[in-house]
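Here are a few notes on side-chain contacts in this structure. Please read them with the model open.

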Amino acid sequence: VGAVVLAAGVGSRSGRNKLMAPLSDGTPLFMRAIRAAIASKARPVFVITGYHDEEMAAELENLDINVIYNPAYRSGIKTSISLGLSSVPGFCDGAVLLPADMPGITAEDLNRLIDACQPETEKQVIMFEHGGVKKNPVLWSKALYPQADIVPENADIRPVFVEHSDYLTQLEEKDADKFIDVNFPSDLEKLAK
């Protein structure tokens, strides 16, 4: 199972380049997701960049990852998902889609998704669930790449996941902090604390 870290977006709701915002240890926010992917069982790891690509490049040097620039990043996250999944080699049974603005996700969390993947099962969507709501990251089997998406904030009503409910596996996670999703300036403030 490969991993695609989605780090191309503008992040307009946060009022600044949130992915470059420093965490308490001084590293940029987006590096937390990348480090989790590298430390997990996922191989290969792809990082899709776009907005502030040159700034990110310095942080990404000498890492065991594949960096792919998305020239259409302003057109939305679907372009990054498509670019990332089309890059995952055919020998992978699937890929985890991990938004780079989720610093609470760890290598162990990604491994839970990967361990739940059944290589002999053609169609699978595996994701976390907290309090009855579906959460990122999401593992998609390669047979479903054409339909692959991430979980939006109103995930409980998102049609794409209803459509795939026959092959949906949800892993319960009680720790809400795992799913901190940095979108607004207040989220960055909370994270700094």
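**Aromatic pairs and salt bridges**

1. Tyr73 is buried, with a relative accessible area of 15%. Buried means under 20% relative accessible area, exposed over 50%, and partly exposed in between (1.4 Å probe, protein chains only).

2. This is a predicted model: local features need pLDDT of at least 70, side-chain atom pairs count only at pLDDT 80 or more, and totals for chains, interfaces and linings use all residues. Residues are numbered from 1 along each chain as its sequence is written, and side-chain values use heavy atoms, with hydrogens and water left out.

3. Phe128 and Phe179 form a tilted aromatic pair, 5.8 Å centre to centre with 55° between the planes. Rings of Phe, Tyr and Trp (its six-membered ring) pair if their centres lie within 6.5 Å; planes under 30 degrees apart count as stacked, over 60 as edge-to-face and the rest as tilted. Phe128 is in strand β5 (residues 125-130), and Phe179 in the loop between β7 (168-172) and α6 (185-192), 51 residues apart. Helices (H or I, at least four residues) and strands (E, at least two) are DSSP runs, numbered from the N terminus. Phe128 is buried at 1%. Phe179 is buried at 9%.

4. Ring pairs also join Tyr51, Tyr69 and Tyr73 into a cluster.

5. The whole structure holds six salt bridges, each a side-chain nitrogen of Lys or Arg within 4 Å of a carboxyl oxygen of Asp or Glu. One of them joins Lys18 and Asp101, with the closest N and O atoms 2.7 Å apart. Both Lys18 and Asp101 are buried.

6. Lys174 and Glu172 form a salt bridge at 3.4 Å, N to O. Here both residues, Lys174 and Glu172, are exposed.
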